[in-house]
Amino acid sequence: MEQETFFSDDKSLPLAARLRPRDLREVAGQKHLIGEGKILRRLIENDRIGSMIFWGPPGVGKTTLARVIAHTTRAAFIDFSAVTSGIKEIKQVMERAEQNRRFGEKTILFVDEIHRFNKAQQDAFLPYVEKGSIILIGATTENPSFEVNGALLSRCKVFVLQALKTEDILALLTHALEDPRGFGGTAVHIAPDVLELIANFANGDARSALSTLEMAVLNGDVSAEKIEVTRETVESITAKKSLLYDKSGEEHYNLISALHKSMRNSDPDASVYWLARMLEAGEDPLYVARRVTRFAAEDVGLADPRALELAVAAYQACHFIGMPECSVHLTQAVVYLALAPKSNAMETAYNAAKADALNMLSEPVPLVIRNAPTKLMKELNYGKGYRYAHDMPEKTAAMQCLPDSLLGREYYKPTEEGLEGRFKTRLADIKALKKELSEKRSDG
């Protein structure tokens, strides 16, 4: 842990440290929190800061925002690492904060990776947070609902920080080339497309982008007039070749389309190739994992219900460990989905129901399946005739669940592929049973 000055102009520091924002205007991204009139900006400007937790991926400005808050509110700033500190260090820093409070100075305690603290360590902060000795700002890449104990979490406001957009990163890199703290005093020539290459490679991580830029400049071609940073220089630093692509452009969509259609066509070799093309080009693995999860329901569905489980597990693995390790989890999911039996019954069912829903937005819910929490509703026949399926010998009842105008509509039309053949048989049995029960009621 250390108590630091807000800013140092030491040229020996890494570029990311030298360019650390001094105020909100210099913070990249997070406009949903610190844009004009947004909640966090108002709290900072009005000096109404309380304990909070910043949750978001690496390199999006969690530490930066904490420092800006300390600087803006004129509070002492103590940087505290959950990785290297224990109960003893917590008590020491609390004593320092108490001294600051006695002299009328607020203390912001920034705890990086707060999720790494165990319950006892987190509980040690509680009395000091409660009596206002410290303003706790925790940073975590993990969901605080699971990783921060309830007592501490209930005393903190959680702010979700988002991965920076490519345009945010480009603005940051341009600023680094112009600012005297960066390369403002150096004639650096780097083409816009090469700068965009660095921005895309960063995957929303500002620290990674600035580190890559710094390495590129240090390894650029030096002449008497300038330092030339070429595409080849950047590719040699990042170990990425010409398959790097603009993740918001046409090639991005071409490659994800190629992956999707190769899996749909049950071609595991092509599927793995297109997966590798995307990942080695610097694509965000979580983006790929989201598309794979969509595919599991859209193109496999109930033909193999485990497909969705595997896809979600692959997404979680990508979130936990990131690249390059998570490439094998995505490969497992992609190969499994390519070889799985295919059914698009989920997609067609929803699209058909969606069309009816949009065209018939005012169709009333049948009285029999309406909720009746009040006497008046019961008098209006809400819920009249409802049969609790679990009480029925057949575990189903001949009740009307669709609006009158849609009676007889069939959205889900199961295929014979894989396990969906069983669902088709089951659905046919249920429909036959309901028809039989309906006929008995009519005869009765």
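Let's start with glutamate 309, which is exposed at a relative accessible area of 51%. For the terms, buried is under 20% relative accessible area, exposed is over 50%, and partly exposed is in between, with a 1.4 Å probe and protein chains only. A quick word on what we're looking at: this is a predicted model, where local features need pLDDT of at least 70, side-chain atom pairs count only at pLDDT 80 or more, and totals for chains, interfaces and linings use all residues. Residues are numbered from 1 along each chain as its sequence is written, and side-chain values use heavy atoms, leaving out hydrogens and water.

Back to glutamate 309. What does its side chain meet in a salt bridge? That's arginine 306, at 3.9 Å from N to O; a salt bridge here is a side-chain nitrogen of Lys or Arg within 4 Å of a carboxyl oxygen of Asp or Glu. Arginine 306 is partly exposed, at 47%. Both residues sit in helix H16 (residues 306-321), three residues apart, about one turn of the helix. Helices, by the way, are DSSP runs of H or I with at least four residues, strands are E runs with at least two, and both are numbered from the N terminus.

By that salt-bridge rule, we count 18 of them. Now look at arginine 264. It forms a salt bridge with glutamate 298 at 3.5 Å, N to O. Glutamate 298 is in helix H15 (residues 285-300) and arginine 264 in helix H13 (residues 250-264), so the pair ties together parts 34 residues apart in sequence. Arginine 264 also bridges to aspartate 299, with the closest N and O atoms 2.6 Å apart. That one also links distant parts of the chain, H15 to H13, 35 residues apart.

Buried or exposed? Aspartate 299 is buried at 7%, glutamate 298 is buried at 15%, and arginine 264 is partly exposed at 38%.

On to the nonpolar side, meaning cores: sets of buried Ala, Val, Leu, Ile, Met, Phe, Trp, Tyr and Cys joined through side-chain atoms within 4.5 Å. The largest has 27 residues, and Leu173, Ile190 and Leu213 have the most contacts inside it. Helix H11 gives the largest share, six residues.

Take isoleucine 190: leaving aside neighbours within four places in sequence, it's in contact (heavy atoms within 4.5 Å) with Leu177, Leu195, Ile198, Leu213 and Val229. There's also a second, separate core of 25 residues, including Ile256, Tyr287, Cys318 and Val334.
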